[in-house]
Structures are given as structure tokens and as C-alpha cells.
Amino acid sequence: MPEILRGLSEAELKSLEKAVRRKADLRLLPTMILIYIMNYLDRNAIGAARLGGLEADLNLKPNEFQTCVSILFVGYILMQVPSNMLLNKIGRPAAYLTGCMVVWGILCACSGITHSFAGLLVTRFLLGFVEAAFYPGALATLSAWYVRSELGVRMGLFYCGSLLSGAFSGLIAAGIMDHLDGARGMLAWRWVFLIEGSATVLISIGAFFILPDFPANTKWLSDQERAIAMWRMEIDAAGEKDWNTETKQPLLEGFQMLMRDPKNWILVIVVYGAASAISINSFFPTVVASLGRDRNTTLLLTAPPYLLACITCAAVAWNADRTSERYWHTVGPIACALAGFIISAAAEGIGPRYFGAMIMLPGIYTGFNMSMVWTANTIYRPTAKRAAAVAFNNAMATICSIYGSYLYPNNAGPRFTLAFSVNAAMAVMAILASTVLHFYLKRENRRLEQKEQEEQAAGHVAEGAGFRYLV
């Protein structure tokens with residue numbers, strides 16, 4: 001225990017820990033959720049812009065729209081791991097993440113003033129390159145503040161930001177297209193990019209002053225609060241320290257350790273399979289449009305599945321933390337998504353297809369979120385390795401969004417059989433990999449327990465005593 005905490009009673013320690021957690025909840029979670037909403041709005045504005053005349057205005061040829069969607073993920077994949085290693089090195093998420101936010105807001109607005117396929121392609125690539133910093137950086141920051149039993153529900157609430165953006169994006173786009181189409185001589189799709197990009201830049205300024213850094217270097221913590229924030233993370237890792245200002249932060253060592261860890265390669269398959277259908281977010285308006293409704297009704301119909309996904313994601317994450325269980329909380333949602341894919345590909349009626357969409361999105365997003373929670377819980381220390389893990393696994397999962405962008409052409413509706421068949425196969429792969437990981441980690445826990453018993457019999461204290469993987 002740190003010297004500064006030794007004079008406190010157990011009740012005082014618990015009260016101090018609760019105060020630190022409350023401060024983190026109030027300053028970190030709402031700000032991160034709002035940033036994530038803007039992150040997804042800016043990234044997926046192109047889906048609504050398609051309904052607002054983007055393709056016709058830029059004279060896009062077949063597949064050029066899909067190329068503009070997929071090119072974002074090329075930059076997104078390339079930058080995630082280097083970005084998180086750099087963040088772990090400098091230890092200043094408040095400045096780093098909000099600085100990236102300013103840049104991607106400007107790039108989103110620039111998409112609204114392009115006049116050619118090449119211009120849109122360049123802005124989309126650069127947008128992905130800069131936006132890549134946020135999601136893995138946010139997970140690295142959250143996992144530096146919360147112990148494993150608290151992390152799942154916080155990541156679930158954080159991930160709701162992307163789902164709320166999916167729900168609101170259709171509503172916002174419908175409002176813009178109704179009132180600004182033709183304003184100042186510009187079509188509605190240009191206003192979508194300009195308004196959402198400008199809002200991002202404004203929000204980033206306020207976020208800089210609210211977001212914390214890591215517990216070791218956040219200025220608004222008292223010395224006692226800082227000590228207990230760091231000590232509780234150390235206890236959760238069975239004595240291994242989290243990020244601190246005294247220790248030299250390795251830039252590449254964590255990534256090298258990750259590449260040698262077989263557990264993470266199983267997690268890569270889980271995350272990849274769970275994320276395979278996420279490319280649908282840019283095309284969900286197109287999928288819903290196949291129901292045959294007008295433009296505004298189509299945009300409004302995209303909201304309910306995202307709202308249901310938001311509720312489901314938060315509820316599943318909360319229960320996963322309450323029960324300290326990971327396998328069924330990951331596999332269950334993926335199985336629901338699988339059922340949604342099958343229904344949407346097989347059904348021809350409007351009712352069944354919309355029902356498929358209603359269970360599809362909650363399954364996709366909840367399954368992916370829980371797979372990333374499982375990653376952060378399993379690859380827990382050292383911090384450089386954890387930061388590399390959440391970035392690398394998310395980057396690998398994003399690969400499917402490159403080819404996924406070509407699975408939803410306009411002429412594939414209304415059933416989008418190829419897209420949903422690929423998604424279903426990937427969901428099955430994720431379920432199988434989750435099963436392998438479940439039994440692998442149970443075996444590792446038995447080994448840890450056996451090692452502790454042997455050390456105790458010899459009169460020694462095992463290194464990392466008490467740590468168990470969450471299964």
C-alpha cells in the first residue's frame with residue numbers, strides 16, 4: 001500500500017476509491033461517449049449522403065461509392081497500432097485524442113466541398129487515418145482507470161456512443177435534407193458533411209478541458225486520490241503496476257510481446273468474426289431503403305434498430321460485469337446476429353426483413369463490444385501490451401470493412417444474399433473461436449491455481465497470486 005494511504009481506515013479507503021471512480025465516471029464517460037457519437041457520425045455520414053444525391057452530383061461510376069467507403073478503413077487499419085503505442089508513450093490522452101478530433105472534423109467538412117471522385121477518395125482516406133486514433137485510444141484510457149470488474153459496463157456504455165450516432169444520424173440527415181437541400185446553391189449531401197464536421201471541431205475544444213489523462217498524471221486528482229487510483233489497478237493485476245510517470249514507457253516492446261501470445265491470436269479470430277458485419281453501418285440506409293419507403297421514412301426507420309442495440313449493449317455489458325462471465329455474453333449476441341442474417345437473406349416480406357434488422361444490429365454491436373472487453377480483460381498487463389492488443393485486434397477486425405463495402409450494391413437488394421451469407425459464416429467462426437478461447441483460459445486458470453498451491457506448499461508467495469482470467 002502507498003505510504004500516503006496507510007493511515008486511512010478501510011471505510012475511508014472505500015470512500016476515497018468511490019470518490020475517484022465517481023470523478024472518472026463524470027468526466028471520462030460522458031465526454032468519451034459524445035466524442036464517439038461524433039466519430040461515427042463523421043465516418044458514416046457518407047451513407048446518408050448517398051441518399052441525398054452524392055453519387056449523381058459527383059458522377060460516380062459503378063463501385064466508386066463503395067471504394068470511397070472502403071478506402072477509409074485502409075487508413076484506419078494502418079494507424080491504429082502506431083497511434084496507441086504513441087499514446088502509451090506520451091501518456092496524454094486528453095490532448096492527443098481531442099487534437100485528432102479537430103483534424104477529423106475538418107476532414108469531414110472537406111468531404112462536403114469536393115467536386116470529384118478523387119477529391120472524395122482523398123478526404124475519406126485521410127479521415128480514416130486520423131479517426132483511427134480514437135477507438136483504441138479510448139479503450140486504452142478506460143482500461144487505465146477501471147479495474148476488470150468495472151470495465152465491461154463502462155465499455156458497453158462507451159460503445160453506446162456509436163449506436164446512438166447510428167440512431168441519430170438518420171434523424172439528423174432527414175432534418176438537413178428537408179430544410180437545407182439547395183440552400184446557398186448546395187445539395188443536401190454537402191450540408192450533411194459540413195454541419196457534422198463543424199460540430200465535431202467545436203465539441204473537441206470543450207472535450208480537451210474535461211477529459212482526464214492517465215491516473216498518474218491527471219492534474220485534478222489530489223495526491224491521495226492519485227495514489228488509490230493507481231493502487232487499485234495494481235491490486236487488480238495481482239501486484240503489477242499500471243501506467244506511471246516514473247517508468248520508461250516502451251514503444252515497441254508491448255507489441256512484440258503481443259505477437260508471441262497465443263491467447264491473442266484466438267481473440268483476433270473472435271473479434272474479426274464479431275466485427276465482420278459492422279461495415280453494414282455505412283449501408284444500413286441502403287438496406288432499409290430496400291423496404292420500399294420514401295427517403296425520409298427510410299432514414300427514420302434506421303433509428304429503432306440502433307436504439308435497441310444501444311439498450312442491449314449496455315444491459316449485456318452490465319450483466320457481464322455483475323457475473324464476471326464473458327463467454328456466453330459474447331456468444332449469445334453473436335448468435336442473435338446470425339439469426340438476423342439468416343432471416344434477412346431468406347425472407348421476402350417487409351415485416352420479417354425489418355425484424356431481421358431489429359435483432360441483427362443489437363447482436364452485431366453487442367457481440368463486437370464484448371469481444372473487445374474480453375480482449376482488454378485477457379491481455380491485461382503490461383499496459384504497453386494491453387494498448388497494443390486493443391489497437392491490433394480492432395485493426396485486424398477492420399479489414400473486413402474493406403471488402404464488406406462491396407457486398408451492398410444497390411442491385412443486390414432487397415435480400416443482399418451475398419452480404420448476409422458472408423456475415424453468417426463469420427459469425428459462426430466467431431462462436432467457434434470463442435468456444436476454443438473459453439476452454440483455453442479455463443485450462444490456464446487451472447495452471448495458475450496449481451502453481452499457487454505448489455508455491456504455498458514450498459512456503460513461497462507465487463508471483464501474481466490471485467489473478468485469474470475471466471471466462
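Let me start with Glu150: this residue is buried, at 10% relative accessible area. Buried here means under 20%, exposed means over 50%, and partly exposed is in between, with a 1.4 Å probe and protein chains only. Glu150 forms a side-chain salt bridge with Arg21, 3.1 Å from N to O. Because Glu150 sits in helix H8 and Arg21 in helix H1, the pair ties together parts that are 129 residues apart in sequence. Arg21 itself is partly exposed, at 22%.

Some ground rules. This is a predicted model, where local features need pLDDT of at least 70 and side-chain atom pairs count only at pLDDT 80 or more, while totals for chains, interfaces and linings use all residues. Residues are numbered from 1 along each chain as its sequence is written, and side-chain values use heavy atoms, with hydrogens and water left out. Helices are DSSP runs of H or I with at least four residues, strands are E runs of at least two, and numbering goes from the N terminus. A salt bridge is a side-chain nitrogen of Lys or Arg within 4 Å of a carboxyl oxygen of Asp or Glu.

Back to the charges. The whole structure holds 18 salt bridges. Take Arg50 and Glu55: their closest N and O atoms are 3.2 Å apart. Arg50 is buried at 8%, whereas Glu55 is partly exposed at 23%. Shared partners also join Glu17, Arg21, Glu150 and Arg232 into one salt-bridge network. Another pair is Arg6 with Glu3, at 3.0 Å from N to O. Here Arg6 is exposed at 53%, and Glu3 is exposed at 60%.

Arg232 takes us to helix H10. H10 covers residues 223-236, and its 14 residues should span 20 Å at 1.5 Å a residue; the end C-alpha atoms are 20 Å apart, which agrees. The expected span is 1.5 Å times one less than the number of residues. Which residues of H10 are buried? They are Glu225, Arg226, Ala227, Ile228, Ala229, Arg232, Met233 and Asp236. Their cover includes helix H1 (10-27), helix H7 (134-145) and helix H8 (148-179).

Now helix H9. The buried residues of H9 include Trp189, Arg190, Trp191, Phe193 and Glu196. H2, helix H3 (54-57), helix H5 (93-111) and H8 are among what covers the buried set. Phe208 also lies in H9, which runs over residues 188-210. Phe208 is partly exposed, at 39%. Together with Leu202, Ile205, Phe209 and Ile210, Phe208 makes a nonpolar surface patch of about 540 Å². Patch residues have over 30% relative accessible area and no salt bridge; like charges are joined within 9 Å, and nonpolar side chains (Val, Leu, Ile, Met, Phe, Trp, Tyr) within 5 Å. The areas come from the Shrake-Rupley method with a 1.4 Å probe; for residues, only the protein chains shown count as cover.

Next, the inside. The largest nonpolar core has 135 residues, and Leu54, Ile364 and Phe368 have the most contacts inside it. Helix H2 (residues 29-51) gives the most to this core, with 13 residues. Such a core is a set of buried Ala, Val, Leu, Ile, Met, Phe, Trp, Tyr and Cys residues joined through side-chain atoms within 4.5 Å. Contact means heavy atoms within 4.5 Å. Beyond four places in sequence, Phe368 contacts Tyr135, Tyr159, Val271, Ala274, Ala275, Ile278, Asn394 and Ala397.

Asn369 is in helix H17, residues 350-378. Asn369 is buried at 1%. Past the neighbours within four places, Asn369 is in contact with Met155, Gly156, Tyr159, Cys313 and Ala317.

Last stop: the loop between helix H15 (303-323) and helix H16 (327-346), where we find Arg326. Is Arg326 buried or exposed? Arg326 is buried, at 0%. Leaving out residues up to four places away in sequence, Arg326 touches a list including Arg148, Asp321, Met370, Trp374 and Leu470. Arg326 and Met370 are 44 residues apart in sequence, yet 7.4 Å apart in space, C-alpha to C-alpha. Ser324 is in the loop between H15 and H16. Ser324 has a positive phi, near 55°, without being glycine. Ser324 is partly exposed, at 38%.
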